[in-house]
Amino acid sequence: MTSTGQPTTQVDEAFSERLIALIRDDIAATDDPVEPATDLLLTGLVDSLGVVVIVDWIEQELGIEIDPGDVVLEHFQTVDLMLAYLRTR
């Protein structure tokens, strides 16, 4: 994390595309398309272990720590919600 508390990498379209690629290629248990608004958790595309992998990846990519209390459905149900959450940090 930088001294200003801001992520070291912007949460932009390129970040979103890399996150979707991670979910699609390494986590999702299906060939279904993964879109920014796809419900990842309730559809079963991502399970609890997948969420842990996503959180770890985000922390590494952005150089931040995500509070375990923030890992909730409201923040991690879709890629869009993840990006909205990360933009508030």
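Predicted model: local features only at pLDDT ≥ 70, side-chain atom pairs only at ≥ 80, totals over all residues.
Which backbone nitrogen lies 2.8 Å from a polar atom of the side chain of Asp47?

**View 1. Asp47 and the backbone of Gly50.** The nitrogen in question belongs to Gly50, whose backbone N sits 2.8 Å from a polar side-chain atom of Asp47. You will find Asp47 in the loop that links helix H1 (13-27) with helix H2 (48-62). While you are here, look for Ala28 too: its C-alpha is 8.5 Å from that of Asp47, although 19 residues separate the two in sequence.

**View 2. The surroundings of Ile54.** Here we look at the contacts that Ile54 makes beyond its neighbours within four places in sequence. Its partners are Leu19, Leu22, Ile23, Ile27, Val46, Phe76 and Met82.

**View 3. The largest nonpolar core.** This core holds 26 residues, and Ile54 is among those with the most contacts inside it, along with Phe15, Leu19, Ile23, Ile58 and Leu86. At least two core residues come from each of H1, H2 and helix H4 (79-87). In soluble globular proteins, nonpolar side chains tend to be buried together.

**View 4. The whole chain, for orientation.** Stepping back, the chain shows four helices and zero strands, in the order α-α-α-α from the N terminus. Buried residues make up 36% of its 89 residues. The accessible surface of the chain is about 5200 Å², with 50% of that belonging to carbon and sulfur atoms. Of the contacts between residues at least 6 apart in sequence, 56% join residues at least 24 apart.

How values were computed
Residues numbered from 1 in each chain as written. Heavy atoms only, no water. Polar contact = N/O pair within 3.5 Å; in protein donor to acceptor, adjacent residues only side chain to side chain. Buried < 20%, exposed > 50% of the residue type's maximum accessible area, 1.4 Å probe, protein only. Contact = heavy atoms within 4.5 Å. Areas by Shrake-Rupley, 256 points an atom, 1.4 Å probe, with all protein chains shown as cover. Core = buried A, V, L, I, M, F, W, Y, C linked by side-chain atoms within 4.5 Å.
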